[in-house]
Amino acid sequence: MHNAGVQLLLGTDAPMPAVPPGFSLHNEIDQMLQIGMSPYETLKMGTSNAGVYVATHIDPQAKFGQVAEGFRANLLVLSANPLEDMSILRQPEGVMLGGRWFDREELNALTSW
């Protein structure tokens, strides 16, 4: 589908019992890389492609998937470039979610069972 130009989305991080959001997404990212997608293409599936899909098919007023004025600003802050090493996505320095900052310590507390 990717080779045919279909705009793909990442999507295994939907809420499920006993699966904290994000963990299954890392496995999906790994699979996309294993089948030959580039880090850029894979990151785009979970960011701008998702924003375009929602704005096109669900809510034309939705504004996310870009870092731009007027868009919802949920950001992952990393210590290295994920285009060079996608495994860095598993160790964010922090996350800005809904206007609230979560540092590494808070993220660890949220994901430890």
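Methionine 45 is buried, with a relative accessible area of 3%. The value comes from a predicted model. Methionine 45 lies in helix H2, which spans residues 39–46.

The contacts of methionine 45 reach several parts of the chain. Beyond its neighbours within four places in sequence, methionine 45 is in contact with Leu8, Leu9, Leu10, Met32, Met37 and Ala50. Leucine 8 is 37 residues away from methionine 45 along the chain. Even so, the C-alpha atoms of these two residues are separated by 5.7 Å.

Ala50, one of the contacts of methionine 45, belongs to helix H3. Helix H3 covers residues 48–57. Its buried residues are Asn49, Ala50, Gly51 and Val54. An α-helix has 3.6 residues a turn, so residues three or four places apart point the same way. Helix H2 is included in what covers the buried residues of H3.

Glycine 51 is also placed in helix H3. Its relative accessibility is 6%, so glycine 51 counts as buried. Leaving aside residues within four places in sequence, glycine 51 is in contact with Phe64 and Gly65. Leucine 8 is 43 residues from glycine 51 along the chain, and their C-alpha atoms are separated by 12 Å.

With 22% relative accessibility, phenylalanine 71 counts as partly exposed. Buried means under 20%, so at 22% phenylalanine 71 does not qualify as buried. Phenylalanine 71 touches Lys63, Phe64 and Gln66, residues up to four places away in sequence not being counted. Phe64 is also a contact of glycine 51. The C-alpha atoms of phenylalanine 71 and glycine 51 are separated by 10.0 Å. Along the chain, these two residues are 20 residues apart.

The view now widens to the whole protein. The protein has four helices and three strands. Along the sequence, these elements follow the pattern α-α-α-β-β-β-α. The radius of gyration is 15 Å, close to the 13 Å that the globule rule gives for 113 residues, so the protein is as compact as a globular protein of that length. Taken along the principal axes, the C-alpha atoms fill a box of roughly 40 × 35 × 30 Å.

Of the 113 residues, 24% count as buried. The protein exposes about 7900 Å². Carbon and sulfur atoms supply 57% of that area. Among contacts between residues at least 6 apart in sequence, 32% join residues at least 24 apart.

A search of the whole structure finds one cavity of 30 Å³ or more. The largest cavity has a volume of about 40 Å³. It is lined by His26, Ile29, Asp30, Met86, Ser87, Leu89 and Arg90. The lining divides into three nonpolar, two polar and two charged residues.

Key:
Residues numbered from 1 in each chain as written. Predicted model: local features only at pLDDT ≥ 70, side-chain atom pairs only at ≥ 80, totals over all residues. Heavy atoms only, no water. Buried < 20%, exposed > 50% of the residue type's maximum accessible area, 1.4 Å probe, protein only. Helix = DSSP H or I, 4+ residues; strand = E, 2+ residues; numbered from the N terminus. Contact = heavy atoms within 4.5 Å. 1 Å grid on protein atoms, 1.4 Å probe; cavity = no way out; pocket = protein on both sides within 12 Å on 5 of 7 lines; lining within 4 Å. Points joined across faces, edges and corners; volume = space filled by probe spheres on them. Nonpolar A, V, L, I, M, F, W, Y, C, P; charged D, E, K, R; others polar. Rg over C-alpha atoms; globule rule 2.2 N^0.38 Å. Areas by Shrake-Rupley, 256 points an atom, 1.4 Å probe, with all protein chains shown as cover.
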